[in-house]
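Student: Can we walk through this one together? I'd like to ask as we go.

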Amino acid sequence: QIRYSIPEELTRGAFVGNIAKDLGTDLAKLAAANLQVLSDSDSQYFSVNVNTGVIMVSERIDREQLCGQNPRCFLHLKLAIENPVEFYRIEVEILDINDNPPEFPSDEVSLRIYELASLGARFPIQPAQDPDVGTNTLQTYHLSASDNFNLNVKARTDGGKFPELVLERALDREFRAFHHLVLTAEDGGSPPQSSKIRITIQVLDANDNHPVFDRPSYGARLVENSPLGTLVVKLNATDVDEGPNGDIRYSLSSHNSATLRQIFAIDEQTGEIRVQGNLDFEEATVYEIEVEAKDMGSPTMEEHCSVVVEITDVNDNAPEVILTSFSSSLSEDALPGTVVAVIHVRDRDSGEQGKVLCHVSSDLPFQLRKDYEHQYSLLTSTHLDRERVAYYNVTVSASDLGNPPLSRHTVLPITLTDVNDNAPQFEQASYEVLVAENNPVGSMLVTVSAADPDSEQNSRLSYSILRAGGTDPGLDPTRYLSIHPTNGQVTAKFPFDYEQTTYLQFHVEVSDGGSPALRNRTLVHVFIVDQNDNAPQVHFPRAGEDSAAQFRISPSIVPPTLITKVVAIDADSGRNAWLSYHLVEATDLGLFSVALRSGEVRIMRALQDTDASAHELLVVVQDAGEPPLSTAVTLAVLVEEKGPEALQGSEARAADGGGLPTITLYLIVSLVLISTV
């Protein structure tokens with residue numbers, strides 16, 4: 001057996017050995033012996049030059065491919081010679097050369113290490129592979145400089161070397177979140193070969209940092225009555241942790257009062273504190289808000305800060321008017337300077353905005369007197385008269401000194417109570433009444449009316465009739481008249497008779513219900529108006545109820561001779577006493593006539609033989625009243641030869657009644673005068 005040693009990776013044709021020399025055989029013999037080289041492998045890595053006896057490399061030889069990691073690598077050849085047949089075994093040792101650097105599985109590896117990992121913790125790195133053997137294989141590792149990690153190479157019994165990162169110093173993600181290292185694997189060849197792998201270490205966060213506000217306390221200033229949603233302050237807290245550990249939520253601390261929580265609200269995401277309730281300087285001038293910021297780690301870490309909010313006063317409160325003492329009713333005879341009300345004023349604002357001035361209208365009989373700071377008295381400034389003004393609405397105006405000023409108006413209703421200082425007054429100084437005679441009993445003649453501007457009992461009136469003179473000084477009006485004590489209606493107790501009484505005069509007195517009572521009087525004139533209640537009375541000629549007045553005339557009487565005159569009187573007056581005479585019936589209506597106004601009966605034509613010797617005349621006396629009243633008289637005219645005596649007697653009787661027509665004249669004159677009155 002022949003053994004050769006050659007390095008791997010020799011080029012084709014490279015010399016392996018000289019068989020002829022090593023076998024001690026002649027070259028010619030070898031050439032004649034039909035020399036053949038047979039290989040145990042599928043590949044023919046070697047060939048023999050029969051002329052020279054030299055074994056040469058015919059193919060590339062890769063020891064790592066042939067033998068892997070075996071420390072020794074051999075290729076076995078068989079050398080065959082004929083004549084005689086001989087076999088020789090040739091063993092070629094393939095020697096390793098440093099043709100392979102150590103190789104990592106990848107160029108980069110990433111590690112994720114919890115920042116609270118314990119010191120001495122080991123983190124294995126996938127080792128590099130070097131197919132070379134012996135000293136050419138992987139010999140060592142080198143780690144780039146690091147403050148936190150060292151390299152430990154762990155050797156296995158099979159000779160393998162495994163690198164480990166050892167934590168020598170605690171990690172702090174907030175200081176350095178990533179560590180970048182380079183691990184170099186180096187073999188023992190000459191020159192040595194190496195390869196590198198980049199190691200990226202991500203430090204995983206631990207909730208080891210609490211949130212931190214950018215300042216320990218915050219300050220803000222707001223005006224009161226700021227609108228809802230007004231931004232107070234925006235807080236800013238940071239947490240150097242990451243992920244949920246650095247995610248911050250803001251909230252109002254539980255130390256805050258319920259009232260403060262109703263006024264302010266905080267956005268848990270942004271940290272903005274805004275107004276959500278009413279800010280009132282008069283309730284609180286300063287608010288101190290406790291705020292906490294929590295991260296979302298487990299366990300949660302938190303931090304606190306305070307926000308001081310100062311409230312600036314604005315003139316948002318109108319003055320208040322408080323009645324310390326007030327009487328809503330006041331006697332109208334109260335003297336000037338009488339205290340009606342005591343008023344206390346206040347303003348919840350501060351400074352000039354809290355100073356208050358009060359006043360009332362100058363056109364009212366009241367004035368304000370300032371007693372001392374914040375107190376006024378309302379006084380009467382002049383005499384009062386309930387009958388002129390019975391009720392006052394006194395407006396007390398209170399204004400502060402703010403800019404613009406605010407004011408409040410309080411109305412004080414003041415009612416004046418009545419004093420009996422006004423006597424009743426009749427609507428008329430005197431009354432004139434026309435009353436038709438024959439009025440019904442109890443008929444109303446007139447209503448006298450008086451008014452009293454006082455009120456209540458002081459204005460309750462009572463009427464009465466006083467005795468007074470009339471056409472008859474001894475006539476007592478209370479005998480004929482009565483008056484209702486409350487409504488002033490005057491009524492008649494008896495019917496009036498114009499023919500007895502034409503005029504009545506009396507006083508009506510009215511008194512109020514005050515104490516003492518006040519009185520007044522009025523004069524009432526009652527004129528009795530005549531009614532046509534009397535029929536005319538015939539005074540001449542007089543005749544019995546069933547007989548006629550007789551007159552004699554001569555047959556030779558000459559027309560228009562006066563035969564007689566009918567004289568009648570009516571007790572009424574005026575038109576009711578105007579009389580008219582009418583010839584209603586006659587034996588011969590064309591023979592006689594009756595004067596309409598005078599009642600004279602005359603013959604209208606000469607008597608004839610055919611005329612009757614006796615004539616009967618029916619004369620009706622009628623007044624002008626409505627309806628008219630009348631009286632009838634029957635006259636008997638006899639035609640006789642004794643005419644002269646009869647005529648003389650008739651003329652004498654006529655002469656006796658010649659003065660009667662003047663009565664009618666007097667009646668007419670009286671009627672005219674009464675009508676004129």
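Student: Where is Asn403 found?
Tutor: Asn403 is in the loop between β30 (391-400) and β31 (407-417). Helices (H or I, at least four residues) and strands (E, at least two) are DSSP runs, numbered from the N terminus.

Student: How are residues numbered, and what kind of model is this?
Tutor: Residues count from 1 along each chain as its sequence is written, and side-chain values use heavy atoms, with hydrogens and water left out. The model is predicted: local features need pLDDT of at least 70, side-chain atom pairs count only at pLDDT 80 or more, and totals for chains, interfaces and linings use all residues.

Student: Back to Asn403. Buried or exposed?
Tutor: Asn403 counts as exposed, because its relative accessibility is 76%. Buried means under 20% relative accessible area, exposed means over 50%, and partly exposed is in between (1.4 Å probe, protein chains only).

Student: What separates the C-alpha atoms of Asn403 and Glu352?
Tutor: They are separated by 9.3 Å. Along the chain, Asn403 and Glu352 are 51 residues apart.

Student: New topic. Is strand β29 enclosed or exposed?
Tutor: Strand β29 (residues 375-380) is largely enclosed by the rest of the structure, because 6 of its 6 residues are buried.

Student: Which residues sit on each side of β29?
Tutor: Gln375, Ser377 and Leu379 are on one side. Tyr376, Leu378 and Thr380 are on the other. Both faces are covered.

Student: Why do side chains end up on two faces?
Tutor: In a regular strand the side chains alternate between the two faces of the sheet.

Student: Which sheet does β29 belong to?
Tutor: An open sheet of 4 strands, in the order β24-β26-β29-β28, with antiparallel pairing. The edge strands are β24 (320-326) and β28, and each pairs on one side only. From one strand to the next, the twist averages 30°. Angles run from 0 to 180 degrees between N-to-C directions, and axes are lines fitted to C-alpha atoms, for helices over the stretch in contact.

Student: What holds strands of a sheet in pairs?
Tutor: Strands pair through backbone hydrogen bonds, either parallel or antiparallel. Here, two strands pair if DSSP finds at least two bridges between them.

Student: How many bridges join β29 to β26 and to β28?
Tutor: Strand β26 (residues 339-346) is joined to β29 by 5 bridges. Strand β28 (residues 366-372) is joined to β29 by 6 bridges. Further along the sheet, β24 and β26 pair over 6 bridges.

Student: Which residues stand opposite each other?
Tutor: His344 stands opposite Gln375 in β29. Arg369 stands opposite Ser377 in β29. Ser325 stands opposite Val342 in β26.

Student: What about the hairpin of β28 and β29?
Tutor: That hairpin has 2 residues between the strands, and His374 takes a positive phi near 75° there. His374 is not a glycine. His374 is partly exposed, with a relative accessible area of 28%.

Student: Where is Asn225, and what is its phi?
Tutor: Asn225 is in the loop between β16 (217-223) and β17 (231-234). Its phi is near 65°, a positive value in a residue other than glycine. Asn225 is partly exposed, at 36% relative accessible area.

Student: Switching to rings. How many aromatic pairs are found?
Tutor: A search of the whole structure finds 9 aromatic pairs. Rings of Phe, Tyr and Trp (its six-membered ring) pair if their centres lie within 6.5 Å; planes under 30 degrees apart count as stacked, over 60 as edge-to-face and the rest as tilted.

Student: What does the pair of Phe104 and Tyr141 look like?
Tutor: Phe104 and Tyr141 are tilted, 6.1 Å centre to centre, with 45° between the planes. Phe104 is in the loop between β7 (86-95) and β8 (108-114), and Tyr141 is in strand β10 (residues 138-143), 37 residues apart. Both Phe104 and Tyr141 are buried.

Student: And Phe123 with Phe149?
Tutor: Phe123 and Phe149 are edge-to-face, at 6.4 Å centre to centre and 75° between the planes. Both are buried.

Student: Last one. Which residues are joined by cis peptide bonds?
Tutor: A cis peptide bond joins Phe540 and Pro541, with omega about -10°. Another runs from Glu626 to Pro627, with omega near -5°.
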